[in-house]
Amino acid sequence: MKVSILNLAPLRQGDSFRDAIDSLVRLAQAAESYGYERYWIAEHHNTPTIASSATQLLIQHTLANTHSIRVGSGGVMLPNHSPYLVAEQYGTLETLYPNRLDLGLGRAPGTDYETARAIRRTNNLQSNFPNEIAELQGYFDGTNPVQAYPAAGLSIPFYILGSSLESARLAARLGLPYSFAAHFAPAMMEEAVALYRRLFNPSEKLSEPYVILGANAAVADTDEEAERLATTQVQSFLGLITGESKGLQPPVANIEEVWHNYVKAKVVPHFGPIAFESKDLINRERTVIENMTYVSLIGSPQTVSEQIDALKERVDFDELMINSYIYDEAAQHYSYKLLANVVKNK
């Protein structure tokens with residue numbers, strides 16, 4: 001089984017965008033030394049705590065500062081871009097760094113509605129994703145009415161990204177690898193992967209189905225330390241769903257402290273000397289986050305090894321794509337090192 005990394009280039013508390021980009025490169029260099037298969041960079045827009053807006057530039061910067069690890073997009077949100085320009089840009093990257101580039105493709109805007117309108121310069125946000133993929137492929141194959149240089153004649157692996165049955169069907173029909181976003185949208189994981197494998201149509205690009213499964217991870221020497229580190233992840237998702245993202249926050253003692261602090265600050269009504277405790281309130285946010293992040297590998301190497309085995313029993317995947325929200329950079333690198341060792345022994 002292979003293991004790879006997805007990086008959204010998040011800012012840690014107090015970081016600048018340059019700090020986040022420098023951290024992104026250092027992690028790529030560490031991942032290369034640990035034996036990770038690939039390093040993907042996401043596309044997000046209008047998010048003050050995420051630096052991955054100009055994804056192709058970060059990919060180029062990462063390729064220039066590493067030697068062998070594959071680097072790619074996780075993904076290019078294709079409806080945001082002209083397929084022609086994507087072909088030119090990624091054809092140029094492939095020319096500069098041959099046989100190291102992946103092109104993950106998604107249909108989501110990677111942002112809010114108003115920002116999507118600004119990106120696409122239209123009020124009509126409907127797109128024909130299959131046609132856009134076909135057009136993009138045509139520029140690399142040299143079969144379109146116009147040519148995109150230097151893309152024409154080059155071969156870059158395409159991956160379909162998604163978290164739905166629709167994306168599973170598309171990846172299967174096109175005979176392309178399928179990357180499922182279980183690290184934040186796991187609800188249809190088992191059904192979508194099973195559907196992809198059942199409907200897979202062999203192609204010139206791929207003879208057998210191939211599934212990359214997104215997951216979150218925090219690995220440490222002990223379960224207790226890993227669970228402490230993972231409190232940053234919970235705080236990050238809490239900021240996401242409440243629209244109050246502050247970048248990666250330092251961990252707290254345990255998960256209960258995250259919710260106690262949140263309820264105390266945001267939810268608990270005070271009536272004179274009386275204040276409701278968090279246990280007296282039904283916390284909708286907690287349920288949402290637990291559902292979003294249940295595909296998370298958190299614990300010591302032994303615990304995480306068992307979690308991977310259990311995950312493998314539920315869903316048939318070929319590769320893990322790990323996202324890690326760990327505040328301390330050294331602890332994050334160590335977590336990835338431990339995880340790589342776990343996977344090597346599988």
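The model is predicted: local features need pLDDT of at least 70, side-chain atom pairs count only at pLDDT 80 or more, and totals for chains, interfaces and linings use all residues. Residues are numbered from 1 along each chain as its sequence is written, and side-chain values use heavy atoms, with hydrogens and water left out.

Val288 sits in helix 11 (residues 284-292); helices (H or I, at least four residues) and strands (E, at least two) are DSSP runs numbered from the N terminus. Together with Leu240 and Ile241, Val288 makes a nonpolar surface patch of about 230 Å². Such a patch takes residues with over 30% relative accessible area and no salt bridge, and joins nonpolar side chains (Val, Leu, Ile, Met, Phe, Trp, Tyr) within 5 Å and like charges within 9 Å. Areas come from the Shrake-Rupley method with a 1.4 Å probe, and for residues only the protein chains shown count as cover.

Helix 12 (residues 301-314) has Thr303, Val304, Ser305, Ile308 and Leu311 buried. Thr303 counts as buried because its relative accessible area is 19%. Beyond neighbours within four places in sequence, Thr303 is in contact (heavy atoms within 4.5 Å) with Asp223 and Ile298.

What ties helix 12 to helix 7? Glu190 in helix 7 and Arg314 in helix 12 are 124 residues apart in sequence, so their pairing ties these parts together. Their side chains meet in a salt bridge at 2.8 Å, N to O (a side-chain nitrogen of Lys or Arg within 4 Å of a carboxyl oxygen of Asp or Glu). Glu190 is partly exposed at 27% relative accessibility, and Arg314 is partly exposed at 41%.

The structure holds 16 salt bridges. Arg18 and Asp22 form one at 2.9 Å, N to O; these residues are 4 apart in helix 1, so about one helical turn separates them.

Notes: Buried < 20%, exposed > 50% of the residue type's maximum accessible area, 1.4 Å probe, protein only.
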